[in-house]
Amino acid sequence: MDLPETRQQKNLRFDFYEALLTAKQREVFTMHYMEDNSLAEIGAYMEITPQAVADMLKRVNGRLNHYDKLLGLVEKSENQQAFASKINLALDDLESNPHTTERGAIIAQIRRLLNSLTSNL
């Protein structure tokens, strides 16, 4: 069973793909997920029914999911962030133990991580 997506996951996809949506779709998404307006509030503002707002949000989320399946930018970004975290941890190890006998191994690990990161761009 799939768990419902979090608002953060939806907002992240929106950040990557908002330019691919219409102005009205961007506005409705922003009003609901970022400004926390209810369907009724958005409907009143846009002069449409709350059900029409809900339908539009469903279509927008479907489009965002579709774009992400095609382009995979969210996963690529998350992978890059994970690599950057590993690199920072390795650098912290190196910095906290500058005279360690493992210095060469830590530097080699950092180089491997950097190579993996750049090859996945």
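Predicted model: local features only at pLDDT ≥ 70, side-chain atom pairs only at ≥ 80, totals over all residues.
Two other helix pairs, α1 with α2 and α5 with α6, are roughly antiparallel.

**Helices α2 and α4**

- On the α2 side, the contact is made by K24, Q25, V28, F29, H32 and Y33.
- On the α4 side, the residues are V53, M56, L57, V60, N61, R63 and L64.
- By class, this contact of α2 with α4 has 8 nonpolar, 3 polar and 2 charged residues.

**Helices α1 and α2**

- Helix α1 covers residues 7–17, and helix α2 covers residues 23–34.
- Their axes are 11 Å apart, and the packing angle is about 150°.
- With angles over 145 counted as roughly antiparallel, α1 and α2 are therefore placed in that class.
- The α1–α2 crossing is left-handed.
- From α1, the contact draws on R7, K10, N11, F14 and D15.
- From α2, R26, F29, T30, H32, Y33 and M34 take part.
- The contact of α1 with α2 has 4 nonpolar, 3 polar and 4 charged residues by class.

**Helices α5 and α6**

- Helix α5 runs over residues 73–96, and helix α6 over residues 103–119.
- The axes of α5 and α6 come within 10 Å and cross at roughly 165°.
- That angle makes α5 roughly antiparallel to α6.
- The crossing of α5 and α6 is left-handed.
- In α5, the residues that meet α6 are Q80, F83, K86, I87, A90, L91, D93 and L94.
- In α6, their partners are R103, I106, I107, Q109, I110, L113, L114, S116 and L117.
- This contact of α5 with α6 has 11 nonpolar, 3 polar and 3 charged residues by class.

**Nonpolar cores**

- The largest nonpolar core has 16 residues.
- Within that core, L21, V28, F29, I42, V60 and L64 touch the most other members.
- The elements giving two or more residues to this core are α1, α2, α3 (39–46) and α4 (50–71).
- Helix α4 gives the most to this core, with 6 residues.
- A second, separate core has 8 residues, including I87, A90, I106 and I110.

- V28 has its place in helix α2.
- Buried means under 20% relative accessible area, so V28, at 0%, is buried.
- Leaving aside neighbours within four places in sequence, V28 is in contact with I42, M46, V53, M56 and L57.
- V28 and A54 are 26 residues apart in sequence, with their C-alpha atoms 9.5 Å apart in space.
- With its neighbours within four places left aside, F29 is in contact with K10, N11, F14, M34, L57, V60, N61 and L64.

- K10 lies in helix α1.
- With a relative accessible area of 16%, K10 is buried.
- Not counting residues up to four places away in sequence, K10 touches E5, F29, Y33, N61 and L64.
- E27 is found in helix α2.
- At 31% relative accessibility, E27 counts as partly exposed.
- E27 touches Y45 and M46, residues up to four places away in sequence not being counted.
- E27 and T49 are 22 residues apart in sequence and 16 Å apart in space, C-alpha to C-alpha.

- D36 lies in the loop between α2 and α3.
- Although D36 is not a glycine, its phi is positive, at about 60°.
- With 55% relative accessibility, D36 counts as exposed.
- E47 lies in the loop between α3 and α4.
- E47 has a positive phi of about 60° and is not a glycine.
- The relative accessible area of E47 is 73%, so E47 is exposed.

Notes. Residues numbered from 1 in each chain as written. Heavy atoms only, no water. Axes fitted to C-alpha atoms, helices over the stretch in contact; angles between N-to-C directions. Helix = DSSP H or I, 4+ residues; strand = E, 2+ residues; numbered from the N terminus. Parallel < 35°, antiparallel > 145°, perpendicular 65-115°, else oblique. Left-handed = near helix turned anticlockwise from the far one by under 90°. Contact = heavy atoms within 4.5 Å. Nonpolar A, V, L, I, M, F, W, Y, C, P; charged D, E, K, R; others polar. Core = buried A, V, L, I, M, F, W, Y, C linked by side-chain atoms within 4.5 Å. Buried < 20%, exposed > 50% of the residue type's maximum accessible area, 1.4 Å probe, protein only.
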